[in-house]
Amino acid sequence: IDVKTNIILGISSVMFLFAASQLQSKGIILYLLVLIVSAGLTIFFALLTIHPPKVMRPRKSKESVMYTMRINAYPDPEMYAKKLLKVTSTGEEIAKQYATDIYNLSKYYYLQKRNLFKTTRNCLIIGLTLTFFTLLISIV
């Protein structure tokens, strides 16, 4: 998702800069304003997709011992190693820890990024379509 979002971000940035430079030299034209607004919104949503704010990443599930914030809670590596050995003593326990991590990544991180990517992509498509139609109207 991040690679696709970065491509859209690059395209939108070029569109924004092109429209802004044309607006500056040609004056206010409707299709350029539409292009600037849609490119700006696309850039905004693309940046949110690359790094969603914490409010968009709820943590409602149990966290694994291998989760970074849980690791940081231990005062020294030896205490963390003891806890990790205790929790991962059997293959079943290791599978549970990995399942917890994979579930949390999928449900609370990837899903939000996927939805934001769809919004970003749709904003770009709608913006280009509106720009095309306003350009046709201004020509006719």
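**Before you start**

Residues count from 1 along each chain as its sequence is written. The model is predicted, so local features need pLDDT of at least 70 and side-chain atom pairs pLDDT 80 or more, while totals for chains, interfaces and linings use all residues, and side-chain values use heavy atoms, without hydrogens and water.

**Whole chain**

Show the cartoon. The order from the N terminus is α-α-α-α-α. Of the 140 residues, 29% are buried. Buried means under 20% relative accessible area, exposed means over 50%, and partly exposed lies in between (1.4 Å probe, protein chains only).

**Stop 1: helices 2 and 5**

Select residues 30–50, helix 2, and residues 91–139, helix 5. Two packed helices are described by the angle and the distance between their axes. Here the angle is about 175 degrees and the axes lie 8 Å apart. Helix 2 is therefore roughly antiparallel to helix 5. That term covers angles over 145 degrees. Axes are lines fitted to C-alpha atoms over the stretch in contact, and angles run from 0 to 180 degrees between N-to-C directions. The contact holds 17 nonpolar, nine polar and one charged residues. Nonpolar covers Ala, Val, Leu, Ile, Met, Phe, Trp, Tyr, Cys and Pro; charged covers Asp, Glu, Lys and Arg; the others, Gly among them, are polar.

**Stop 2: isoleucine 43**

Stay on helix 2 and pick isoleucine 43. Is isoleucine 43 buried or exposed? Isoleucine 43 is buried, at 18% relative accessibility.

**Stop 3: the salt bridge**

Select lysine 113 and aspartate 2. Their side chains form a salt bridge at 2.8 Å, N to O. The cut-off is a Lys or Arg side-chain nitrogen within 4 Å of an Asp or Glu carboxyl oxygen. The whole structure has one. This pair joins helix 5 to helix 1 across 111 residues. Lysine 113 is buried, at 5% relative accessibility. Aspartate 2 is partly exposed, at 32%.

**Stop 4: a surface patch**

Finish with Val3, Ile7 and Ile11, a nonpolar surface patch with about 290 Å² of accessible area together. Patch members have over 30% relative accessible area and no salt bridge; nonpolar side chains (Val, Leu, Ile, Met, Phe, Trp, Tyr) are joined within 5 Å, like charges within 9 Å. Areas come from the Shrake-Rupley method with a 1.4 Å probe, and for residues only the protein chains shown count as cover. Isoleucine 11 sits in helix 1, residues 2–26. Isoleucine 11 is partly exposed, with 42% relative accessible area.

Notes
Helices (H or I, at least four residues) and strands (E, at least two) are DSSP runs, numbered from the N terminus. Angles under 35 degrees count as roughly parallel, over 145 as roughly antiparallel, 65 to 115 as roughly perpendicular and the rest as oblique.
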